[in-house]
Amino acid sequence: MQINFVVIFILFIVTSTSEDEATVEAENFYDSVQDEQSSRSGRLFWSEFNHPTTNMIVEVAASFYGPHTKDFFRFLRDSYSLPGGLTEPYSEYDFIIIGAGSAGCALANRLSKNRNTTVLLLEVGRTEQLVTDIPAIAPYFQSTDYSWDYYMEPQTGVCIGMNNERCYWPRGKAVGGSSVINYMIYTRGRPQDWDRIAADGNYGWSYNDVLKYYIELEKSYLNGLEKLPHRGRDGDLPVEFVPYKTKLRDAFLDAGVVLGHPTVDYNAPDKFGFGPVQATISGGHRQSAAKVFLHTHKNRQNLHILPETRATKILINPETKTAYGIEYVRNKVLHTVRARKEVILSAGPIASPQLLMLSGMGPKDHLTSLGIPVIEDLPVGKVLYDHISFPGLIYTFNETNISLIENRAVDIPHILDWLKNGDNVFSSPGGVEAIGYIKTPLSDDPDPTVPDVELISIGGSFLSDGGKGGSRAIRRGMRVSESLINDAFGPIDGTDTWSAIPMLLHPKSVGRIELKDSNPYSNPKMYGNYLTDKKDVATFIASIRHIQNLVQTPPFQRYGAKLYPGHFKTCRQFTFDTDEYWECAVRTVTATLHHQISTCRMGPDNDPMAVLDPELRVRRIKKLRVVDTSVIPRTTSAHTNGPGMMIGLKAADMIRKSWNI
C-alpha cells in the first residue's frame, strides 16, 4: 500500500480538532485581526480523513489507549479542565505564568507543590495527542498548528534555497511548547559554558549550581551510566538511549574513535567526544515537558491550566513600576487577572521579548516609534544567538536497507508494534541516532574540551522522506525549495543515504528581535544576521571537511559510503567540493535548530545588554520575572530543551525563597 497513511492520520487529527484561526478576534478589543496561522499545510489533507487505513489506525490505537466512545478522538487528546468543577478561572492568583513550554511546565509544577499557593498557567497552543508521542515523525509537526509560523526577516546571502528565500523558525505552539515538536535531544552544555556565565557576574549559575537541577530533573536509564554521580535517576524527566538504531549509528561512533573521538556520555562533565543520542523518551514515546510536569498533577486544586489562551499585555503600575496582572484572550473574550505575588513570563525566546515590549518594557526609541507608552527603557531583543546547521552533505552506499526510509517503515505492522512495544523505527527521534562534539582548527577557545561544532548523525538524510509517495515532511519542515532538492538530489531521493548535520555552537554573528507593530497578534520581526561574521562560514567549511574525513574511515567505507555530487543550482558558478562551493551551499540551505537564546538576557548591573538580574527579575520592575531560555546570556553547547527545564526548576527555588514559600 503506497499511500502514506501516517502522514494523513497525523494531519487529519491535527486539523480536525482545531478551530478556524483565520479570524481570531478579541471582542471589543482588536477588530478584524488576521491570525497569521490561517493557512497551514496540514489542512491540505482534510479530504483524506475518511480513508479506511486512517480509521483502522484509530481503531487499533483505541484498543490500546482507551474504550471506544462517540468521541473517538478522546483517547488521542490530552485535556486540562479546571479542577474542582470550576467553569471559569479565578480573578486573582499568587503567580501567573505565561507560556507552558519547557521552563513554564517545570516552574508551574514546582510552585504548585505548595497547596496554599495558587498558580495560573496560560498557553496559546492546544494540547497534545497520541500522534505527537511518535518520535520518528517529529518533522511533521513543524508544518502544523502545533508550530508558530515564524519566519526570519529576509537577509541577503542566507537561506537562498528556502521557500521565498526566508529562514523558517518553527517554535512549539502547544501545552509543552517546543518539547512537543522538537527532536528530543537531551544535552546540558559543557561545564565551561555555565562557569563562564557565572564568571560574567551571574551569581548562582555556575556548572555546579545548575548540575544540582539537572540531576534533580532526570530519570535516566542509560545502560548503567545513570549510576554515575553526575546523573539523576529519581527525577521526572525520562532520559534514555533510543531503542532502535541502524548500522550507521555504529559506523559514526566507530569512525569517531578512528579520528580520536572516544565514545562517551557526552553529558558527563569530564568527557568530550561522540555518543549515542540521549533522548527525552520513555518506552519509545516522546516525553514532553507537559507529560513530565503537568499530566499527573493537573488535578491539583491550586494549579489552573488554560490552553488556547493568549496573553496580550502585562499590567504594570507606571508610578510604582510594579506588575500586578495581565490581560488575556480566551474564547475571543478579553479578560483581566491579577497576581498577588508575581507575573512570570515563560513564553520563549521570541514571544517573551515580544510581550515585554508590547507591555512597555524595551528599547525606548523603538517602542515610541510604534506608539507604545514606555514604562522602562531596557535592551529587550537587542541580542539573539541561534544554532544554525547545514543538512546538505549527503552520502550514498553500495548496500541497501542500511538507512531509515519513510516509505519502507510506514505500514500497519510497524504501527502496531510501536503502539504495543515502542521499540521499533518509530522510536527514533526524527532519525537522530548519535551526536559528536568536535573542535575545528578554527576554534579560538583556549580550552581543549570546549567544542565549536556539534555533529548530528542521522540514520538517513533529508531525502529519507521522499521517493514515490513520500511525505517530504523533513524538507517541508525546514521550508527547503522542492525544486532545489529535485535538481540536486532527484536520482537518489527516497533511497539509502546518510548525513551528519554540523551545528555551529558558538556563532560570532548576533541577531535581534523587534516588534512589527503594537498588535499582539502580529509576529515580531526577527533578524538572525546569520553568517555575517566570516568566522562562522569558515567554521562550517572546517566541519564539512571533518565529516568527509570521518567517512573515509573503514567503518563507513565497508558500506561503500560516497559523497553524492548534488550540485545546488544556486552554486553552479563554483566547482563542486571546493571551499567556495561549500560556502555557497551553506548559504543556500541555512537551517535553524530553533535554539534561539539571549533575547531577555540576564546579567550583572554593569552589563549594558542585560534585561534581567541573575535572579531573572526584570530590571527596575517589581514582581516580574522571565523564566525560559531567552535568559541565557552566552552561547552554549546545548540544545535548549534540557536547559529550559533546568531553568524552570532553578527559578522556582529562587521565587520560593523570595516569598518564603
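**Notes on the predicted model**

1. Let's start with a pair: E218 and R231 are both buried. Keep in mind that this is a predicted model. The two side chains form a salt bridge, with N and O 3.2 Å apart. E218 belongs to strand β5 (residues 218–221), while R231 is in the loop between β5 and β6 (237–241), so the bridge links parts 13 residues apart in sequence.

2. Next, a pair that reaches further along the chain. E376 and R620 meet through their side chains in a salt bridge, 2.5 Å from N to O. Here the partners come from strand β16 (residues 376–377), which holds E376, and from the loop between β25 (591–592) and β26 (624–626), which holds R620, so the parts tied together are 244 residues apart in sequence. What about burial for these two? E376 has a relative accessible area of 8%, which is under the 20% cut-off, so E376 counts as buried. R620 comes out at 51%, and because exposed means over 50%, R620 is classed as exposed.

3. A local case sits in helix α17. D653 and R656 form a salt bridge there, and their closest N and O atoms are 2.8 Å apart. Both residues lie in α17, 3 residues apart, or about one turn of the helix. As background, an α-helix has 3.6 residues a turn, so residues three or four places apart point the same way. R656 has 23% relative accessibility, so R656 is classed as partly exposed.

4. How many salt bridges does the structure hold? The count is 39. Some share partners: D465, R472, R475, E482 and D493 are joined into one network that way.

5. D653 turns up again in a helix packing. Helix α5 (residues 207–217) packs with helix α17 (residues 641–658) at an angle of about 105°, and the axes are 9 Å apart. Angles of 65 to 115 degrees count as roughly perpendicular, so that is the label for α5 against α17. On the α5 side, the contact is made by V210, K212, Y213, Y214 and L217. From α17 come G642, P643, M645, M646, L649, K650 and D653. Sorted by class, the contact has 8 nonpolar, 1 polar and 3 charged residues.

6. Helix α8 (residues 348–358) is worth a look for its cover. Is it mostly covered or mostly open? Mostly covered: 11 of its 11 residues are buried. Among them are I350, L355, L356, M357 and L358, along with S352 and Q354. After α8 comes G360, which has a positive phi, near 100°.

7. Leaving out residues up to four places away in sequence, N109 touches F293, H297 and R300.

8. Finally, the whole-protein numbers. The secondary structure comes to 17 helices and 26 strands. Of the 661 residues, 65% are buried. Among contacts with a separation of 6 or more, 73% are between residues 24 or more positions apart. The protein exposes about 23,700 Å², with carbon and sulfur atoms supplying 49% of that area.

Terms used
Residues numbered from 1 in each chain as written. Predicted model: local features only at pLDDT ≥ 70, side-chain atom pairs only at ≥ 80, totals over all residues. Heavy atoms only, no water. Axes fitted to C-alpha atoms, helices over the stretch in contact; angles between N-to-C directions. Helix = DSSP H or I, 4+ residues; strand = E, 2+ residues; numbered from the N terminus. Parallel < 35°, antiparallel > 145°, perpendicular 65-115°, else oblique. Contact = heavy atoms within 4.5 Å. Nonpolar A, V, L, I, M, F, W, Y, C, P; charged D, E, K, R; others polar. Salt bridge = Lys/Arg side-chain N within 4 Å of Asp/Glu carboxyl O. Buried < 20%, exposed > 50% of the residue type's maximum accessible area, 1.4 Å probe, protein only. Areas by Shrake-Rupley, 256 points an atom, 1.4 Å probe, with all protein chains shown as cover.
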